[in-house]
Amino acid sequence: MWNKISIPVLLLTVLPAAGLLHAQATANDAASSVKIDLPADSPVTLISYSMGQTRVTARGGAMVLDLDMSLTLRNNDSAARSVRDVMLLITAQEFTPGGKGSVARPSIDVPAGQNFTLPIKLRLIRPVQQANGPVRVQLDGVLFNDLSFYGPNRLNSQRAMTLWEVEAQRDRAYYKQILQAKGETGLQKEILNGMKKAADHPQLDVALSHTGRTVGSAAANLAADTTPADKAHFAFLELPDSPVLAVQGQADIKGNEVRSPWIEVQNLDKKKAVRYVEIGWVVKDKEGNEYLVGSVPGSGVSALNTSGAGSNAVIQAGQRGRLEPDATLKFSHAGRPVAIDGMTGFVTQVEFADGKVWVPSRKDLDSSPLLRSMSPSTEEQRLLDIYAKQGLNALVADLAKY
Amino acid sequence: MSTHPSETDLALLAGGDCSWLQRFFLRRHVARCGDCNDTLTSFAELRSETLELANNNAGIMPETDWNRLAGEMRANIRLGLAAGECVGEAPSAILPVSWKPRLAMGAACVLLLAGAGIFLHGLLPNDNPAGVVHAATVESNSTGVQVTTGASSMTLMNHAGVAGDQTVSSDGAIRASYVDGDTGTVTVTSVYVE
């Protein structure tokens, strides 16, 4: 009898045991392989971190690592500045070479000496036979209330956080002005309008890859796809106060795919060079629905009067430049492709060479129904949430803080 | 014999199928007993009538060759026994235990080696075939933002299923911002293609 049942029995015992050992080792690694790295002179220091519901599971031929971390940081700034924004860089090179992530906490007000938390909820999936490497959490930048910045800035977090902070100041000032001019009833009405606008904001799912770097099967698919794409031109909305004018733009459109967009812009400022421009991008489907999907950013814009683009390229005062990101985007909604029928753009952000930034005013945003469909700023999201969860008095109290 | 013999014994006597001792005693009794003599006589007449009837119907009922029938029966029995020997002994309900430790140990060693191979293979560096490069792709969905390279991916999840406010930058980044329901603070997650 033993010679007939011993092999199945051993298969059922030895292999799962080996798999269990492997999974156990991976689970232990999951907790120990997270490397949190803050510079020695960082104005924010790590007080503690928890791994929460972190777990490893096998799913078919893949290992799934769910990290549910929470970092407690302290503002130890020697200059006693309040922290407004923090951004952390997340990398897992053994999982996703060529990709990285970030987690940021904008619109906070943490005085020196106080703690704050930052959640990191992360899911990593890799084939079972692939190497298991560390997840690195590094500080990329800290923005203070006087808009001064600290950090390695590998993700251009200084620009992003400065723009968030300028938008936050704009929206706080707007609601304070409403409160002062129209009282709490007027503020309540405006907040309800803001909530309705946020709720009406339709979203598309987007997949993005770099056209020039697409290799392997994706490249083969592109090479095999000989169907000609339609050349579609951008329509532009002009904002009265914008220091940059979008002149013309075009992209190749095929079904739900947009390739190689480019937009030509002109620096209208007579004195300052422009280092970065971002064009809000609204797409219209065949049924006439419009979606704000994102932006065409121009970092290291190629000025038309210079040869080539570099990371420090600028558009001089009065000159034209070209935003030409190397990207292919695919749009879908509820799992189904959304065929693109038209595109509209408008200038949403400008960074000058001296580090100053421009964002549209609330008046600009109210000038067009299309602009009113823009996503609320991070600060406006927070204020709307305070009203929704805690009521008008809490909102008024928060506006009075700073 | 104080009692009368049975009809079966008298029938056997009439047919001549009794032993000689039994026949001796039966004939003594029949010689002195009229009833039993009558019964024996009726059995003898019945037997002779049966034989006569069989002889008269020989055209209708062919001669029965009892010897041939007996031969066929014996042949069938031998055939059945021969077939049984070819099939072999009928299996018992429970197989006999035959512990073969060498075979079991060998199988265990092979399986342990296989398990160790799987375990150690997971510790090896990335085993992508040389020359195959996967482009990273970023995408947004209702659960968060994700960067994918080949079969691997990293997803920065939204907390508690909150739908983030998502936007894409055509320079290779997708961002989602959402309000943490517990703390009321905003978290912005982004993924980038390098």
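## How to read the model

The structure is a predicted model, in which local features need pLDDT of at least 70 and side-chain atom pairs count only at pLDDT 80 or more, while totals for chains, interfaces and linings use all residues. Residues are numbered from 1 along each chain as its sequence is written, and chains are lettered from A and ligands numbered from 1 in the order in which they are written.

## The two chains

Chain A has seven helices and 21 strands. Here helices (H or I, at least four residues) and strands (E, at least two) are DSSP runs, numbered from the N terminus. Of the 402 residues in chain A, 37% are buried. A residue is called buried if 20 or more other C-beta atoms lie within 10 Å of its own, exposed if 12 or fewer, and partly exposed in between, with C-beta atoms placed from the backbone. Taking contacts in chain A between residues at least 6 apart in sequence, 66% join residues at least 24 apart; two residues are in contact if their C-beta atoms, placed from the backbone, lie within 7 Å.

Chain B has five helices and six strands, and along its sequence the pattern reads α-α-α-α-α-β-β-β-β-β-β. Its 194 residues are 27% buried. For contacts in chain B between residues at least 6 apart in sequence, 39% join residues at least 24 apart.

## Helix α6 of chain A

Let us look at one helix in detail. Helix α6 of chain A covers residues 378-390, 13 residues in total. From first C-alpha to last, α6(A) reaches 18 Å, close to the 18 Å expected at 1.5 Å a residue, where the expected span is 1.5 Å times one less than the number of residues. Among the buried residues of α6(A) are A:Leu383, A:Leu384, A:Ile386 and A:Tyr387. Their cover includes α2 (157-199) and α7 (392-399) of chain A, along with β4 (165-169), β5 (173-179) and β6 (186-193) of chain B.

Two packed helices are described by the angle between their axes and the distance between the axes. Axes are lines fitted to C-alpha atoms, for helices over the stretch in contact, and angles run from 0 to 180 degrees between N-to-C directions. For α2(A) and α6(A), the angle is about 35 degrees and the axes are 7 Å apart. Their contact includes A:Trp164, A:Tyr175 and A:Ile191 from α2(A), and A:Leu383, A:Leu384 and A:Tyr387 from α6(A). By class, this contact has 10 nonpolar, two polar and five charged residues. Ala, Val, Leu, Ile, Met, Phe, Trp, Tyr, Cys and Pro count as nonpolar, Asp, Glu, Lys and Arg as charged, and the others, Gly among them, as polar.

On to the other helix: α6(A) and α7(A) pack at about 145 degrees, with axes 7 Å apart. Here A:Leu383, A:Ile386, A:Tyr387 and A:Gln390 of α6(A) meet A:Leu392, A:Ala394, A:Leu395 and A:Asp398 of α7(A). The residues of this contact are six nonpolar, one polar and one charged.

## Strands of chain A

Strand β8 (residues 135-144) is mostly covered, with eight of its 10 residues buried. Two strands pair if DSSP finds at least two bridges between them. Strand β1 (residues 34-37) pairs with β8(A) in the parallel sense over four bridges, and A:Val34 has A:Val135 as its bridge partner. Strand β5 (residues 83-91) runs antiparallel to β8(A), joined by eight bridges, and A:Val86 stands opposite A:Val142.

Elsewhere, 10 of the 12 residues of strand β14 (residues 274-285) are buried. β14(A) is joined by 11 bridges to the antiparallel strand β20 (residues 340-352), where A:Met343 stands opposite A:Val283.

## Two serines with positive phi

Most residues other than glycine have a negative phi. A:Ser107, though not a glycine, has a positive phi of about 55 degrees. A:Ser107 lies in the loop between β6 (99-105) and β7 (115-127) of chain A, and counts as buried because it has 25 C-beta neighbours inside 10 Å.

A:Ser260 also has a positive phi, near 45 degrees. A:Ser260 lies in strand β13 (residues 257-267) of chain A and has 16 C-beta neighbours inside 10 Å, so it counts as partly exposed.
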